[in-house]
Amino acid sequence: MAIEIKIPSLGESITEVQIASWLVKEGDSVTKDQNLVSIESEKATVEIAAPEAGVVGKILKGNGSAANVGDVIGSIEAGGEKPADTKAEKPAEAKEEKTAAPAPEKKAAKKSSAEKSATTASAPVEKPAEKKEPAKEAEAKTTASEKPASEPAPSKPVKNEVAPQPVVENEEEMTEEASEPEVKAPVAKETASAPAQKPVSKDDSRREEVKPMTPLRRTVAKRLVEAQHSMAILSTFNEIDMSKVMALRKQYQEAFQAKAGVKLGFMSFFVKAVIEALKTVPQLNAEIRGNDIVYRHYYDIGVAIGAGKGLVVPPIRNAEKLSFGEIEKTIADLGVRAKDNKLKPQELEGGTFTISNGGIYGSLLSTPIINPPQSGILGLHSIQERPVARDGQVVIRPMMYVALSYDHRIVDGREAVQFLVRVKDIIEDPTRLLLEI
């Protein structure tokens, strides 16, 4: 029984996907729940598993093909033994075809030889072929001399005529033989001029390659342009002294890793600091819906991850309820699965605010673009040791520039600066998190 392989529903807004790669071939035996094909949507890459054990039948849509939700892209023969039968039958059929194929050609060959013999029979038979050749050569020479010099004679007949070199008995034959190079010349000229029309060489330094955009890349591009066109985006900047956070990480790294099973990074500190700052400036945790502003009283903090096939922003759900260890574990898990294209579409939905860490790529300063329909995004950058003034003295400190991009339609400049200063205060003195001040 044939079971259809269909594109499943991947979310309300997803209607089209792209076949990333088939993990099996036609005729392969598969087990139940074995992954068959990887598909890319505008949000994530998903693998479709086999509903039953069997044999892969016809694959209807190949790698790179577009498909809609509900489309049939292949089939499985449940409990079939197709591979053995197919392999046994196909060579036999091919052999039969090869054996049968020459028959018509032989008949045609026989027929043509029969026709030739009939033609030969109808012509008057004079003498054996040996005696007939000089007459033929004379005819060929006469014909060549009657043709205009501009018409090139075929190269092979000319060579055949010259090769025997019959004995010259009179001046006429010498004149005809001397004229043969003139007949050959145009042929050689044409042959030499033919390759000149082709390009001499290809310049690989100017080679171009055209690849279609993946659904994920198209969606990212669409949303970024939409944000630029539909929002009044403004950015404000500040710098943070990372000395105390770095000292705290160094002091408790081993104990934290032993308990939580994951390293203590900077992101958990910034997630906690951002939540506290959002409580101070709730507009940055809100969104515009028509003529209304929707204020959220929960904090799903999105973490921008540069996956192999595009930027994804999976949110940490209810981050305000998580500990440092739980936040670090969640970020690590999302990061690994994003790079392996294992995130589910529902894991990418939502988010109330985003943090983008361009510092891991070496960015010193940037203006991040808001992820609609959110109202703000915090950009983190590289930590660099720089001279700063402290208590009237110049000291070297590990400093980081931070940037807040916000939707000026609902967030004023004053609130944006307050938010950034609150984040700065908490990171420069993490004990504030314990005292909630």
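Analyst: Buried means under 20% relative accessible area, exposed means over 50%, and partly exposed lies in between (1.4 Å probe, protein chains only). The model is predicted, with local features needing pLDDT of at least 70, side-chain atom pairs counting only at pLDDT 80 or more, and totals for chains, interfaces and linings using all residues. Residues are numbered from 1 along each chain as its sequence is written, and side-chain values use heavy atoms, without hydrogens and water.

User: Why is Leu 364 called partly exposed?

Analyst: Leu 364 has a relative accessible area of 37%. Partly exposed covers what lies between the limits for buried and exposed, so Leu 364 is partly exposed. Leu 364 is found in the loop between β16 (353–357) and β17 (376–390).

User: What makes β10 and β11 a pair of strands?

Analyst: Two strands pair if DSSP finds at least two bridges between them; strands themselves are DSSP runs (E, at least two residues), numbered from the N terminus. Strand β10 (residues 286–289) and strand β11 (residues 292–295) have four bridges, in the antiparallel sense, so they pair. Glu 287 stands opposite Val 294 in β11. In this hairpin, with two residues between the strands, Gly 290 takes a positive phi near 65 degrees.

User: Why do β1 and β3 stand at the edges?

Analyst: Four strands form an open, antiparallel sheet in the order β1-β8-β6-β3. β1 (2–6) and β3 (29–30) each have a single partner strand, so one side of each is left without a neighbour in the sheet. β1 pairs with strand β8 (residues 72–78) over five bridges in the antiparallel sense, and Ile 3 stands opposite Ile 76 in β8.
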